[in-house]
Amino acid sequence: MRRLFDIVWKDICQTVRSPMAALFLLVMPLLFTTFFGLIFQGAADEDAVSEKPVVALVVGEEETPILNELRSLILETGELNVEVFAASDYPDPCVLFEEQSVIAVLVLPENFYFSLQEQIPATLYVDETSSEGQTALYTIQHIFSQEQILYSTSMAAMQAVDEQLPYSSDQEFQAAFEQVLAKANQSWDEKAITVSMERTVSSATDDFHIESAYDQSSPGMLVQFTISGLMGIAIIFVQERRTKTMQRMLTTATSRSTILIAHSLSMFFIIVAQQIILVLSGHFLFGVDYLREPLAILLVIVAFALWVGGMGVLMGVTAKNEDQVVLFSLIAMFLFTALGGAWFTLEGTSETFYAIARHTPGAQVMRGFQNIIVRKQGFSSVLEPVGMLFLYAILFYIAAILIFKKNKE
Amino acid sequence: MENAIEAKGLKKFYKDVKAVNGVDFTIQTGEIFSLLGPNGAGKTTIINLLTGLFPPNAGDAFIFGNSIKKEPLKAKALMGVVPQEIALYEDLSARENLVFWGKLYGLRGKPLQARVDEVLELIGLRDRQRQRVSKYSGGMKRRVNIGIAMLHLPKLVVMDEPTVGIDPQSRRHIMDNVLALNKQGMTVLYTTHYMEEAQELSDHIAIMDQGKIVASGTHAELVKLVGEQDRVELTLSQDGDKVLKEWKKVKGVSKVDQDGERITLLATDSNAVLPDLFRIANQFNARISSIAIHEPNLETVFLHLTGKALRD
């Protein structure tokens, strides 16, 4: 047992001493987290501006109570944005469709407030063939029917009052009507029966909204550089075989299994240490909320380290020389980070790509981290990806052991 | 006295190659035993079998009574091995290497540090102990390579061609170390293809060729095998097939072997046969451009037993 930890300690000393190790294990991931964060942030900003389709309200008069009410009701849907245009500036509403984001144009007649009474309709221009147009159509129809009810009810109430206690002037009537309408709107909002709905996430696509670009770049670069960091560690393994120091170890009272376990453990410790530093950096430097579920994050780190450790040992026993280690590490890095969604969110990829990629170990790591930092879920949300990672780790270790035993001959 | 090593019917095959083909030998405790043979004779394979790097296809060997097949860890604990390659961690210093290997040999704490100091003194690297091994010369690396095997004061030191590719000064240093270890009571198994090393160091020598031990004994016993014949090396200036044919008929010449221009003869008395050799060469208008006479040695023995020179 003591020999095992002697080998582990020696491996750690060798790794820490290598100038390349510090570069690949810590400096590069932090640099790339920043770079990718800045790149993703730009894209995220663009998305934020154009993410919701716009309903153009073309009006003859601005800032009337009914217009404000309409605007807030449309915005409350959460599906649409509103831009208001003066009718004098846009005589032809169709011009507005040339702006890509505008999916509906609602032209309100002049003095719309009173036109409701006279039943002069507002005109809605919309592309009914598009899903966004359909959304706009149904949303505005719904709002109008709600407003119509409120208007009719309020007007009926006002007329009833006017018959009993007539208002002295139209202005007085108008002022009282606006008060009644406001009260009616308020009552509409304070519903007697409310239904609360809580979403449960059954697939990775649910409730996935990245608030900060670092929510993607920090775990992404962590995955990428943890895998590429294998290079330095697996090279120690290969060097031991090339320089015959491993053979020499076998001439002492040290068994093959002790050597294999020791190298696996040293890889595990180094990877865990690297990840903890990167997670803490991500939390405190880039504002990624890793520590809202520290135990869950630690579990993902451990599972990830076990899988990468297994892959490192497999490389160590398979590669014939240092060049092959570099090659294998690069292949593993590009394969698992691309498929794992480390560079871009898998949720934005095609169905086929997503269906394949979501089962890869890299994707499990990303899912584990992002269930906490993006989807804001609890400890139990990482259990499935962690379980998958353990399974991958076991597969890689079994392959490594079989090859190592075969090399005995 | 207890045997340090007892090998019985050791065999190791790689596909069609019989690397070790039924080897038996015994090494007494406290002696220096050399395995002498050309490259590819099977010396390193025997070392690898004895040190448990891979199992034999047949046979067994006992290290101080411990079977390498049944009790490999016990057997290994009694050995210090100096591999043919320089098996060191180049990014660690000499001291760090010695400390690491000392731990693998089971040493700990103060005894380990004290023993590391002793070994650094012995290999002459105390002053440069903190320097990374990658900065050392080949000879210095060899010395650290040997030092590691001495750390735990093993009962048996196994050295696989430890002087390959080093300068004469380091070679001398290593050979002195081997003798010093033996004086401390360690048994030494030494493999080499340098006849002089085997001759100078060994109490017993086993000559190997093509996976087999072809002769074994003390230097004197082995020399007797060739009947204490002289070895005469000549160079002929032209193709001398006819000359060689006639030389073989000369009384007192027991064997004639040709390797390119170089011709080696075994003769009971070189002085007696030389006149005849010159006369025959003259007859065929062949010119002897060089001649060297060697008293019987292991090279002669090897030539006698295998029909080829040791350095081949």
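Predicted model: local features only at pLDDT ≥ 70, side-chain atom pairs only at ≥ 80, totals over all residues.
Okay, housekeeping. Local features need pLDDT of at least 70 and side-chain atom pairs count only at pLDDT 80 or more, while totals for chains, interfaces and linings use all residues. Residues are numbered from 1 along each chain as its sequence is written, chains are lettered from A and ligands numbered from 1 in the order in which they are written, and side-chain values use heavy atoms, leaving out hydrogens and water.

Let's start with chain B. It has 11 helices and 14 strands; these are DSSP runs numbered from the N terminus, H or I of at least four residues for helices and E of at least two for strands. Of its 312 residues, 53% are buried, where buried means under 20% relative accessible area, exposed means over 50%, and partly exposed is in between, with a 1.4 Å probe and protein chains only. Contact here means heavy atoms within 4.5 Å. Take the contacts in chain B with a separation of 6 or more: 69% of them come from residues 24 or more positions apart.

Now the sheet. In chain B there's an open sheet of 6 strands, in the order β6-β7-β8-β3-β9-β10, and the pairing is mixed. Two strands pair if DSSP finds at least two bridges between them. Which strands sit at the edges? Those are β6 (79-82) and β10 (212-217) of chain B, each pairing on one side only. From one strand to the next, the twist averages 15°.

For angles, axes are lines fitted to C-alpha atoms, for helices over the stretch in contact, and the angle runs from 0 to 180 degrees between N-to-C directions. Helix α5 (138-150) of chain B lies across β6(B) and β7(B), running at about 170° to β6(B). Helix α6 (168-183) of chain B covers β3, β7 and β8 of chain B, at about 155° to β8(B).

One last stop in chain B is α11, residues 298-306. Its buried residues are L298(B), E299(B), T300(B), V301(B), F302(B) and L303(B). After the helix comes G307(B), with a positive phi near 80°.

On to chain A. Helices α8 (214-228) and α11 (256-286) of chain A pack at about 160°, axes 10 Å apart. That makes the two helices roughly antiparallel; the cut-offs are under 35 degrees for roughly parallel, over 145 for roughly antiparallel, 65 to 115 for roughly perpendicular, and oblique for the rest. From α8(A), the contact residues include L222(A) and F225(A), and from α11(A) they include L278(A) and F286(A). The residues of this contact divide into 7 nonpolar, 5 polar and no charged. Nonpolar means Ala, Val, Leu, Ile, Met, Phe, Trp, Tyr, Cys and Pro; charged means Asp, Glu, Lys and Arg; the others, Gly among them, are polar.

Finally, some loops in chain A. Most residues other than glycine have a negative phi. K244(A), though, has a positive phi of about 70°; it sits in the loop between α9 and α10 of chain A and is partly exposed at 25% relative accessibility. K376(A) has a positive phi too, near 55°. Its loop runs between α15 and α16 of chain A, and its relative accessible area is 38%, so partly exposed. And S255(A), in the loop between α10 and α11 of chain A, has its C-alpha 9.8 Å from that of R3(A), 252 residues apart along the chain.
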